[in-house]
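Let's take a walk through this fold together. Have the sequence at hand and turn the model as you read.

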Amino acid sequence: MVNGQPISGTWTGTGRGPGRGRRGRSGLLALILGALLLMVTACGGGGGNTGTDKGNEGKGGAAKGATAVENTASQAVVTIAPKDGATSVATSGALKVAVDKGKLTTVTVQDDKGNPVEGKVAADGVSWEPSQHLAGSTKYKVHVSAKDADGRESAKDATFTTLVPKNTFIGYYTPEDKSTVGVGMPVSLTFTRGITDPAAVEKAVKVTADPPVPVESHWFGNDRLDFRPEKYWAPGTKVTVKLDLDGVEGRPGVYGTQAKTVTFTIGRSQVSTVDASAHTMKVVRDGKQIKKIPISAGAPSTTTYNGQMVISEKYKVTRMNGDTVGFGGEYDIPDVPHAMRLSNSGTFIHGNYWASSGTFGSTNTSHGCVGLRDARGANDSSTPAAWFYNSSLLGDVVIVKNSHDKTISPDNGLNGWNMSWADWTK
């Protein structure tokens, strides 16, 4: 014991100094370790920035750069005419698409039923125009996309509505849809208004054949447009007529309203040749003569036209009145049997019950028609007129030769075959 205190306590007391020393050394060590740790951390941070973090920074920089490029607006500027929401838009010439500082990649135009409007991008890729007119009273949707030189895309949409026509026209067509006709039947359209822009109307009518054969058009005046091949149709040909007249401005302020497809089929070939001097008609079916019939053609003062004529109408019984064709009161027969029209001016091939049977094959007595022996009432199927009527189709050809008259005009009935191909296609 020292001074009455245990020795141990002395170690405790005198040991305070050493205790403080140890704590000081620990603090110093901690300070040194902390400094080292700070240096390591600082070096590690620096190393990260130099290595791994720099790599991330590089990656981050690239991503940010790409995003910056991607987010940069395309230089391609698309324009659509007419403007979005426009109304009363013209059906021709108004729709145009263009791009500045770029190339067009997509142009889609559809009507409110989803029907597409075909068009063509210009060779330089900067403009587009429709290849057809638009329909009247119709809403259209336009979508356009384009890319600039760096491949950045821009797009634009618009809708507009075309004008509501105040004045309209239609075309009455021959032959009827889904009919079977003879080899001489042309496609004939007669318009309700005179056409002053024939090119626009003609472009809107397409006639195709299967098997294919060139089909050309010809205008008769300003209200009739016919189509035919160079020679008679081949039997079995399927003909399609597409009328896309809706929206066509046929004359100033007058628009077409039809959008219709008509089809017809060519039946067997039948071409009948009337020899007015010999008073006979030879009927040739598919290249073979199947009948020779005695006839009576036009009298010397009222001769029958020469030329190729197409049967355009058939009537089992009809009235024929001279007043309607410039012959005054010379005749008015209420029940002409088995009548088939050959011209607009009144030429028919028909049954005749009022002349003696000896007339046919020997004498020409008519006012220009071709007559065949028949019975009143058209109920005797054994007569030549009944046989020919029942054997004929609309579109069959009747050729008249050796008559002392001129050749029938090509526009007098469906008789464009009397015009040369060169003249037809002028």
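**Charged pairs, sheets and cores**

Start with Asp335 and Arg376, which form a salt bridge with their closest N and O atoms 2.7 Å apart. (A salt bridge here is a side-chain nitrogen of Lys or Arg within 4 Å of a carboxyl oxygen of Asp or Glu.) Asp335 sits in strand 25 and Arg376 in the loop between strand 27 (370–373) and helix 5 (384–390), so the pair ties together parts that are 41 residues apart in sequence. Helices (H or I, at least four residues) and strands (E, at least two) are DSSP runs, numbered from the N terminus. Asp335 is buried at 15% relative accessible area, while Arg376 is exposed at 58%. Those words have cut-offs: buried is under 20% relative accessible area, exposed is over 50%, and partly exposed is in between (1.4 Å probe, protein chains only).

A word on ground rules: this is a predicted model, where local features need pLDDT of at least 70 and side-chain atom pairs count only at pLDDT 80 or more, while totals for chains, interfaces and linings use all residues. Residues are numbered from 1 along each chain as its sequence is written, and side-chain values use heavy atoms, with hydrogens and water left out.

Back to the charges. Side chains of opposite charge can pair when their charged atoms come close. How many salt bridges does the structure hold? There are nine. One of them joins the side chains of Arg341 and Glu313, at 2.9 Å from N to O. Arg341 belongs to strand 25 (residues 332–341) and Glu313 to strand 24 (residues 313–321), so this pair links parts that are 28 residues apart in sequence. Glu313 is partly exposed, at 28% relative accessible area. Lys178 and Asp177 also meet through their side chains, at 3.2 Å from N to O; Lys178 is exposed at 69% and Asp177 partly exposed at 25%. Then there's a network of salt bridges linking Asp148, Asp150 and Arg152.

Two strands pair if DSSP finds at least two bridges between them. Strand 7 (residues 139–147) and strand 8 (residues 153–162) pair antiparallel over nine bridges. Look for Val144, which stands opposite Lys156 in strand 8.

Another open sheet runs 10-12-15-14, four strands with antiparallel pairing. Here strand 10 (171–174) and strand 14 (216–220) take the edges with a single partner strand each, so one side of each is left without a neighbour in the sheet. Four bridges join strand 10 to strand 12, and the bridge partner of Thr174 in strand 12 is Ser188.

What about the inside? In soluble globular proteins, nonpolar side chains tend to be buried together. A nonpolar core is a set of buried Ala, Val, Leu, Ile, Met, Phe, Trp, Tyr and Cys residues joined through side-chain atoms within 4.5 Å. The largest has 33 residues, and Phe191, Val201, Val205, Val207, Phe227 and Val241 touch the most other members. Elements giving two or more residues to this core include strand 12 (187–191) and strand 16 (238–244). Apart from it lies another core of 21 residues, among them Val89, Leu104, Leu134 and Ala158.
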